[in-house]
Amino acid sequence: MENLTFDLSETPVNTLNHYLHHEAPKGGARKIIVTHPDGAHNIAVGLDCPVEVEILGHVGYYAGGMNKAARIVIEGSAGTGVGENMMSGTVHVRGFASNGAGASAHGGLLIIDGDAGLRCGISLKGGDIVVGGSVGSFSAFMAQAGRMVICGDAGDALGDSLYEAVLYVKGNIKSLGADARIEPLADADIAAVSNLLQQAGMDHAPRDFKRVASKRELYHWNADANQEY
Amino acid sequence: MCGIVGLLVKTPALRARLGELMAPMLIGMTERGPDSAGLAVFTEPLADGARKISLYSGLIEDDDDFNWQGMAHEMKEHLGIDATLKTTGNHAILGVSVDPEMVKRWLKEHHPGLFVLSTGKSIDLYKDIGAPAEVADRYNFSKLKGSHLVGHTRMATESAVTPDRAHPFTAGEDFCLVHNGSLSNPNGIRRKLEPRGIHFETDNDTEAACRFLEWRLREGDDLETALKKGFEELDGFYTFLMGTKDALALIRDPFACKPAVVAETGDYVAIASEFRSLAHLPGIENAHVFEPAPEEMYVWKI
């Protein structure tokens, strides 16, 4: 069986997800096409096999959340928490994404062609995120590991309380969060940005990006800081 | 959680279908707000000097069958005015051509259990407890006509589940507001407004925002200036959608804690907490769909 289509105007999301969880790992259809998603929540969450899922339309909350190994393409926009807590695989949003995109992703690649809302990559734990447009405020808040490539602008408090995740921004940064700083680009950064842009199918000069990483001054308690950071 | 919906039709021919297009939007937000629902619809304005008052009798104990005609008759005897009446169960729209404040004073004295939902030349307001589909059915929402409307489905967090605490809230004339979120300083706002003679009807946080913004408009601010003052004074989480006689306005708090999505075509502007309330709209495949930014003002005029 080549392709299998689920029309969510007739079939509940549960049925789709049940197939993806229980039948897809047995090697059923090579590609699953989802029509009329109509903003439904939890589409293609918790996948655990290298299946390909193409969603034709706008999705609601948590699409592709907890993804492992699957390749999910959303031909539309995504609501809150797209690709949150993903472990591996790819989630590609062709439109814009709402708040909390890629939150706490441990691995894999989240690609957003348009803008991402606030708190994109919050608490990132090792995943990679490439955003073709701009990201909202508080993005990469407390991001621990992984990389974000932002081709547009960043809002307020980018990388606040950043740990070891590294952010690359091409456009303007409205403000950096506490303990985040701009650092010079090394060859390894150029290679990393180049590789991520290539995977995302985006064409930008890696040298045009700024590297944002942690000052690591919040790693230890500083009694003299007087609560001012 | 709560659900917000709004619809403004640009094509006059669609005004007859306003309710039909909106009812699925409201029902689509049931999971976000299953306990109460309501909406304000703005119709062709009445002539100068005429007003309509939306009234609700459901707060009167054991009275599901309020005698609206009797009330209008009594009003004619006492005040000497001929009021028009359009009733749907516990709801009535009273049309008068005198100072509406005089009518409201009379209602308070003679029918203190009646709740005034709205006053104005364009606004009709309906709200009640129950699932959105039940409330929509109770008042025939799908038959409503008009240029724009503001709707809400409620999941109460800040005050009790009662009809008067359902949204939309109104203040003054031809102004209403719905809210998804929770304010942290509604009591501070109340303490600021009450000494100015502004009266509150419930303990609901949204009412504070509604009365604050309407007060600014009454003081002469235009909508943009009033909303800017709202950003300065109102603290907490909010997506607010407001309706005036000729516009819908939307703002989100700086943290964008509560969702909103907009779909715009040549025929309409539709606003909802989530896209799933917009998916059924005609031409949605080609609509410009976007997420309104935090701390920005969006105003759509009819």
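Both faces of strand S14 (residues 268-272) of chain B are covered: B:Tyr268, B:Ala270 and B:Ala272 on one side, and B:Val269 and B:Ile271 on the other, are all buried. Buried here means that 20 or more other C-beta atoms, placed from the backbone, lie within 10 Å of a residue's own. Because five of the five residues of S14(B) are buried, this strand is largely enclosed by the rest of the structure. In general, side chains in a regular strand alternate between the two faces of the sheet.

This is a predicted model, in which local features need pLDDT of at least 70, side-chain atom pairs count only at pLDDT 80 or more, and totals for chains, interfaces and linings use all residues. Residues are numbered from 1 along each chain as its sequence is written, while chains are lettered from A and ligands numbered from 1 in the order in which they are written.

**Partners of S14(B)**
- Strand S1 (residues 2-9) of chain B pairs with S14(B) in the antiparallel sense over five bridges; to count as a pair, two strands need at least two bridges found by DSSP.
- Opposite B:Tyr268 in S14(B) you will find B:Val9.
- Strand S13 (residues 261-264) of chain B also pairs with S14(B) in the antiparallel sense, over four bridges, and a hairpin of three residues joins S13(B) to S14(B).
- B:Ile271 in S14(B) is the bridge partner of B:Val262.

**The whole sheet**
- Follow the order S7-S2-S8-S1-S14-S13-S15 in chain B and you trace an open sheet of seven strands with antiparallel pairing.
- Strands S7 (123-129) and S15 (288-290) of chain B stand at the edges with a single partner strand each, so one side of each has no neighbour in the sheet.
- Strand S2 (residues 36-42) of chain B pairs with S7(B) in the antiparallel sense over seven bridges.
- B:Gly38 stands opposite B:Lys127 in S7(B).

- The axes of helix H6 (residues 205-218) and helix H7 (residues 223-233), both of chain B, come within 9 Å and cross at roughly 140°; axes are lines fitted to C-alpha atoms over the stretch in contact, and angles run from 0 to 180 degrees between N-to-C directions.
- That angle makes H6(B) oblique to H7(B), a word for angles that are not under 35 degrees (roughly parallel), over 145 (roughly antiparallel) or 65 to 115 (roughly perpendicular).
- Residues of H6(B) including B:Phe212 and B:Leu213 meet residues of H7(B) including B:Leu223 and B:Ala226; contact means C-beta atoms, placed from the backbone, within 7 Å.

Conventions: Helices (H or I, at least four residues) and strands (E, at least two) are DSSP runs, numbered from the N terminus. Two residues are in contact if their C-beta atoms, placed from the backbone, lie within 7 Å. A residue is buried if 20 or more other C-beta atoms lie within 10 Å of its own, exposed if 12 or fewer, and partly exposed in between; C-beta atoms are placed from the backbone.
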